[in-house]
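Hi everyone, thanks for having me. Have a look at it first.

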Amino acid sequence: MGIVSWIVLGLLAGLIAKVLLPGRDPGGLIGTTLIGVAGAFVGGWLSAKFLDKPIANDFYDPATWGSAIAGSLVLLIGYRILFGNSRD
């Protein structure tokens with residue numbers, strides 16, 4: 001997959017993670033995209049390291065999407081824990 005594919009995958013994975021975990025997050029579209037792209041990498045790494053299931057470089061592979069969304073959820077929860085304002 002190329003850089004554009006990773007960005008598109010990250011954007012869509014970040015948006016899906018945002019739908020699954022609604023709430024107010026600072027960052028907007030750019031923050032969601034960055035969390036999604038980083039989540040795709042983190043999800044792929046976690047899948048290869050701990051589940052012994054390396055991710056294929058295929059954009060339409062369900063395992064790639066699942067790991068990207070799971071990684072995005074992990075990063076979104078971590079982002080909310082670190083930078084979320086729980087007093088509002």
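So, let's start with α2: the cover over its buried residues includes α1 and α3. Before I go on, this is a predicted model, where local features need pLDDT of at least 70 and side-chain atom pairs count only at pLDDT 80 or more, while totals for chains, interfaces and linings use all residues. Residues are numbered from 1 along each chain as its sequence is written, and side-chain values use heavy atoms, with hydrogens and water left out.

Helices are DSSP runs of H or I with at least four residues, strands are runs of E with at least two, and both are numbered from the N terminus. The protein chain has 3 helices and 0 strands, in the order α-α-α from the N terminus. "Buried" means under 20% relative accessible area, "exposed" over 50%, and "partly exposed" in between, using a 1.4 Å probe and protein chains only. Of the chain's 88 residues, 32% are buried.

Which residues of α2 are buried? Among them are Gly31, Thr32, Gly36, Ala40 and Ser47.

Now, α1 against α2. Their axes come within 7 Å and cross at roughly 105°. That makes α1 roughly perpendicular to α2, a label for angles of 65 to 115 degrees; under 35 is roughly parallel, over 145 roughly antiparallel, and the rest oblique. The axes are lines fitted to C-alpha atoms, for helices over the stretch in contact, with angles from 0 to 180 degrees between N-to-C directions. Contact means heavy atoms within 4.5 Å. On the α1 side, the residues that meet α2 include Trp6, Leu9 and Gly10.

Which residues make up the largest nonpolar core? They are Trp6, Leu9, Ala13, Ala40, Trp65, Ala68 and Ile69, 7 residues in all. A nonpolar core, by the way, is a set of buried Ala, Val, Leu, Ile, Met, Phe, Trp, Tyr and Cys residues joined through side-chain atoms within 4.5 Å.

Take Leu9, in helix α1: this residue is buried, with a relative accessible area of 0%.
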